Amino acid sequence: MTATEHRQTVNAARKRLHVITWGCQMNVYDSGRMADVLSPLGYAPAAEPDGADMVILNTCHIRDKAAEKVFSELGRLRRLKEAREATGKRMILAVAGCVAQAEGAEILARAPYVDIVLGPQTYHRLPEMVARAARAGGSVIETEFPPEDKFDHLPEASAPQGVTGFLTVQEGCDKFCSFCVVPYTRGAEQSRPAASVIAEARRLVAQGTREIMLLGQNVNAWHGQAPDGGTWGLGRLLQELAGIPGLLRLRYATSHPCDMDDELIDAHRDVPILMPYLHLPIQSGSDRILAAMNRRHRAADYLRVVDRLRAARPDLALSSDFIVGHPGETAADFEATMDLVRKVGFAQAFSFKYSPRPGTPAAGAPGQVADAEKDRRLQTLQALLREQQAAFGARCVGLTMPILFTGKGRHPGQIVGRSAFLQPVHVIGDSGLIGQEHMVLITAAHPNSLAGTLQQERLSA
Ligand code: 5AD
Ligand code: SF4
């Protein structure tokens with residue numbers, strides 16, 4: 001290394017980057033990738049926004065009062081930015097993610113002290129935006145859907161992710177469910193080529209990751225370019241990834257029932273490291289509401305997919321997403337959702353009150369449901385889902401199951417891992433076991449976790 005290069009490295013290492021992440025696992029992954037693209041510019045992670053040279057607020061628009069939440073956080077960050085500027089230093093403030101995509105112009109109008117607004121498809125252009133913001137002093141906005149593929153332009157090197165690693169294989173969505181902003185904020189469905197996914201998976205495993213969660217807004221619609229130039233589906237990709245030495249577990253989320261093809265269902269039978277747990281949102285159990293939601297399937301289609309999955313992998317546990325109070329939902333429609341939940345039996349599930357998203361078809365639809373009624377339905381549904389989750393946990397007590405240890409527990413001497421069904425499991429054990437899979441006898445079930453005792457047998461290298 002020459003003296004000049006050395007000096008550059010030393011200077012470069014001085015910048016501090018703080019990233020605030022809200023929302024889904026895709027945003028967690030994106031935040032990591034933004035840190036990766038900024039690392040060659042000398043930005044290293046900082047735990048606090050106070051005193052950082054750059055702060056990125058990675059936002060979520062899916063539910064709740066997304067924009068208000070962003071403006072209130074920006075108000076707080078503005079004070080830190082001004083305090084830093086008072087000492088003659090600069091803090092570059094960037095807003096990323098789906099609120100940036102949907103409301104970029106509004107952000108710059110209401111918060112002109114924001115330096116950069118960037119949508120999820122332009123993260124690879126971040127270094128250039130930072131340079132422009134640093135030079136011009138004005139604000140930079142990039143919320144177009146650029147013609148180039150961001151995955152082709154993101155750096156290969158990435159920071160290690162830990163025992164469980166996220167890997168985005170697919171982005172965007174063409175389904176246009178009536179209630180959902182994703183097709184507008186994340187754009188059209190795009191699949192990353194298989195070779196690029198496999199290379200990133202290998203790197204993660206080489207860095208110590210033992211479990212990979214493939215991510216996509218509509219992950220099972222993945223149809224990526226195969227190494228031989230053809231096209232693979234997700235089932236085939238999972239088969240390939242399963243061959244990576246040292247990889248112990250595979251998962252994928254989030255899936256659409258219409259995209260569960262035969263090959264993918266077969267993968268649940270044929271790929272032992274594909275965990276027997278699937279997040280498969282249905283949103284409603286009423287065919288009328290499923291049609292209004294533009295979900296493109298009926299309740300019976302969902303039940304058929306579940307039957308086929310369970311035939312392929314009898315111990316498969318299911319999770320789902322539900323929305324109560326979609327416009328037009330009657331008491332009878334809601335009952336149909338309760339019936340569907342009873343028929344399937346979920347190990348875990350997420351449920352939400354319908355929240356109108358500006359610009360989506362359902363937001364302006366007639367038959368909006370009163371908030372108090374949404375609350376009532378949500379509580380009724382959540383009581384049933386809690387009951388099913390508790391029953392599932394209780395059925396695990398007395399079983400011996402493989403647990404992949406991911407970190408230290410809250411209490412001294414305790415470590416925590418995940419069951420195949422994604423339940424957190426606490427045991428007393430040496431922290432040297434983190435990153436390994438061991439058999440654990442489950443001794444107790446709590447509402448959101450299990451407790452157990454380590455058995456002798458070690459499963460993984
Ligand atoms: N209101 C309520 N819930 C929503 N979701 C998506 N959009 C909305 C909305 N407008 C829920 C769906 C989806 C999950 C990620 O968030 O259940 O599957
Ligand atoms: Fe949104 Fe999922 Fe529907 Fe796509 S399939 S529009 S991401 S809810």
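Ligand 2 is surrounded by Cys173, Lys175, Phe176, Cys177, Phe179, Cys180, Val182, Pro183, His256 and Arg295, where a residue counts as near if one of its heavy atoms lies within 4 Å. By class, this shell holds 7 nonpolar, 1 polar and 2 charged residues; Ala, Val, Leu, Ile, Met, Phe, Trp, Tyr, Cys and Pro count as nonpolar, Asp, Glu, Lys and Arg as charged, and the others, Gly among them, as polar. The model is predicted, with pLDDT of at least 70 required for local features and 80 or more for side-chain atom pairs, while totals for chains, interfaces and linings use all residues. Residues are numbered from 1 along each chain as its sequence is written, chains are lettered from A and ligands numbered from 1 in the order in which they are written, and side-chain values use heavy atoms, leaving out hydrogens and water.

**Phe176 and the aromatic pairs**

- The whole structure contains 3 aromatic pairs; rings of Phe, Tyr and Trp (its six-membered ring) pair if their centres lie within 6.5 Å, and planes under 30 degrees apart count as stacked, over 60 as edge-to-face and the rest as tilted.
- One of them is the edge-to-face pair of Phe176 and Tyr184, at 5.5 Å centre to centre and 75° between the planes.
- Phe176 is partly exposed at a relative accessible area of 36%, and Tyr184 is partly exposed, also with 36%; buried means under 20%, exposed over 50% and partly exposed in between (1.4 Å probe, protein chains only).
- Phe176 belongs to the loop between strand S8 (170-171) and helix H7 (182-185); helices (H or I, at least four residues) and strands (E, at least two) are DSSP runs, numbered from the N terminus.
- Although Phe176 is not a glycine, its phi is positive, at about 55°.
- Phe392 and Phe421 also form an edge-to-face pair, with 5.3 Å centre to centre and 85° between the planes.
- Because Phe392 lies in helix H14 (residues 371-396) and Phe421 in the loop between strand S18 (414-418) and strand S19 (424-428), this pair ties together parts that are 29 residues apart in sequence.
- Phe392 is buried at 12% relative accessibility, and Phe421 is buried at 14%.

**Charges over rings**

- Arg63 lies over the face of Phe352, 3.5 Å from the ring centre; a charge sits over a ring if NZ of Lys or CZ of Arg is within 6 Å of the ring centre and within 35 degrees of the ring normal.
- The charged end of Arg110 is placed over the ring of Phe71, at 3.8 Å from its centre.

**Nonpolar cores**

- In soluble globular proteins, nonpolar side chains tend to be buried together.
- The largest nonpolar core here has 54 residues, and those with the most contacts inside it are Leu214, Leu237 and Tyr252; a core is a set of buried Ala, Val, Leu, Ile, Met, Phe, Trp, Tyr and Cys residues joined through side-chain atoms within 4.5 Å.
- Another core lies apart from it and has 23 residues, among them Leu57, Ala66, Val95 and Val99.
- Not counting residues up to four places away in sequence, Tyr252 touches residues including Met213, Leu214, Val219, Leu234 and His268; contact means heavy atoms within 4.5 Å.

- Phe322, in strand S15 (residues 317-324), is buried at 0% relative accessibility.
- Beyond four places in sequence, the contacts of Phe322 include Ile282, Gln283, Phe352, Leu381 and Leu385.
- Gly104 is part of helix H4 (residues 97-110) and is buried at 5%.
- Ile273 sits in the loop between helix H10 (262-270) and strand S14 (277-279) and is buried at 17%.
- Residues up to four places away aside, Ile273 touches Ala242, Leu247, Leu248, Arg249 and Leu250.

**Backbone details**

- Ala253 and Thr254 are joined by a cis peptide bond, with omega about 0°.
- Thr254 lies in the loop between strand S13 (249-253) and H10.
- Gln283 is not a glycine, yet has a positive phi of about 80°.
- Gln283 is located in the loop between S14 and helix H11 (287-292) and is buried, with a relative accessible area of 8%.
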